[in-house]
Amino acid sequence: MGVPEKLAERMSMAEQHEYLRARFSRRNMIRGGAVTLGAVAGGAFVPGATAQAAVPAQRTAASAEKVDGALVAPFGRHLAYGTDPRTEMTVSWQVPVAVKRPYIRIGARPWDLSRKIEAEVRALHTPAGVGASGDHTQYYLHARLTHLRPGRTYYYGVGHDGFDPAAPHLAGTLGTFTTAPAHSEPFTFTAFGDEGVGYHGLANDALLLGQNPAFHLHAGDIAYADPAGAGKTGDTGFDSRIWDQFLAQTESVAKSVPWMVSYGNHDMEAWYSPNGYGGEEARWQLPENGPDKANLPGVYSFVHGNTAIISLDANDVSFEIPANLGISGGTQTKWLEAQLKKYRAAKSIDFIVVFFHHCAYCTSTAHSSEGGVRQEWVPLFEKYTVDLVINGHNHQYERTDVIKGNEVTKKLPIGGTAYPETEGVVYVTAGAAGRSLYAFTAPDSYEGHENDVESVSAFVNLKGGKQNETVAWSRVRYLNYSFLRVDVTPAAKGRTATLKVRGIAESGAEIDHFTVARRV
């Protein structure tokens, strides 16, 4: 397989060569322009067995030989599920300078962290002249753990030569995580998009932790190190150091709750690789079960209990921001249909939740709706009766009625219930995690302040540009900071399985609630 035709049109021969080399050797050094990514492979945790040996570590900076490791504290811990959340977890973190022999300790009790596994180091260098970053190297570390036990809580600590988390005086640095259960049981997850760094993101993170979620979905536009969000190298405001702030900000949640991301337009950092995701591949270790050779590392799926979660990359189908338009050559959409077909046929799975960045249906005055999503994916959501679609991109909260064929099939008032297998799909824009807010053309309408209107003026981004539309599906609109909480209840014998979905404001107040029910 070569470079996708639409991507090749925008690349030199040298860039095409580098694209192919990077794609087929993901763990080798990726060079895109003047920016480099170094990688060192690591091991896995296998209870009752010897940890897999790491390959020899690549020297990433002279500072590893000059800085006393006892003076360097890890930060920015964040978790991610592996392909099987019951048995696989990745623990990721940062160090401010290069360190010697980084590792993770893990055990079933905080006083028993005898298992020690070497970590993988991915050093991301951003030289002076790339935006506002200065000459900056970031050191991201990853420990992929396998053969864990379902439904089990583990304790862990991350360290390196000179900094041992098992030492008594460092007990406060330990974290925990819990694997997904072996069988279906009630659980909660949370979701939002467009957080960035700042007070409102921090406030939402504090509320997230109080929901006790099994995992969190971040629907794109993660840190906003690239404020322009066009997927081009011309943005002089790019600052890779924003990622250090973001990962420190979210650590209070992400060190114990898998923080599962999809990629938005502000996450296409074009300095690191032709597809813009070289930097993201340094920072995140997501499930690697997406479409083969699509070059989209943010596309994957996982199953938690009775619920399948699918992460998509809407940059691949975006007419509005076309930097990566068509990058997968259609393979992402084919993969999506295969996943939907598989999950809908599985007797153990009741619900399918899909999340990605660009909105299928939104009436924001900023970005509104993405025609590429409606064209490529909405027909599949309807064909396979997807239960809930979560988006970001527009910095506000908006929830639709039940939609099928671009029309309202059922009004879904606050407190209402939708039955996807017969009625259609509900779409939620939850893009008010922290960045500056946008606007609506219609008045706010939310729980306790309902202001129903028959129609709302909006637009959809098509290949030829914006097309105005007047829509009847905008049911809840809230112009302030918020996030989504979803409580999943499997079906008892002879009853229905439910998703109880709630919009929660930064203040903690409930702004929306509805139920998605499936008779099983």
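**Salt bridges in the chain**

Author: Aspartate 487 counts as buried, with a relative accessibility of 17%, where buried means under 20% relative accessible area, exposed means over 50%, and partly exposed lies in between (1.4 Å probe, protein chains only). The model is a predicted one, in which local features need pLDDT of at least 70 and side-chain atom pairs count only at pLDDT 80 or more, while totals for chains, interfaces and linings use all residues. Residues are numbered from 1 along each chain as its sequence is written, and side-chain values use heavy atoms, with hydrogens and water left out.

Aspartate 487 forms a salt bridge with arginine 502, and the closest N and O atoms are 4.0 Å apart; a salt bridge here is a side-chain nitrogen of Lys or Arg within 4 Å of a carboxyl oxygen of Asp or Glu. This pair links distant parts of the chain, since arginine 502 lies in strand S28 (residues 496-505) and aspartate 487 in strand S27 (residues 482-489), 15 residues apart; strands (E, at least two residues) and helices (H or I, at least four) are DSSP runs numbered from the N terminus. Arginine 502 is partly exposed, at 26% relative accessible area. Both residues belong to a network of salt bridges that links Arg485, Asp487, Arg502 and Glu510.

Elsewhere, arginine 518 and aspartate 387 form a salt bridge whose closest N and O atoms are 2.9 Å apart. Arginine 518 is in strand S29 (residues 510-519), and aspartate 387 is in the loop between helix H9 (378-383) and strand S18 (388-391), 131 residues apart. Arginine 518 is buried at 7% relative accessibility, and aspartate 387 is buried at 1%.
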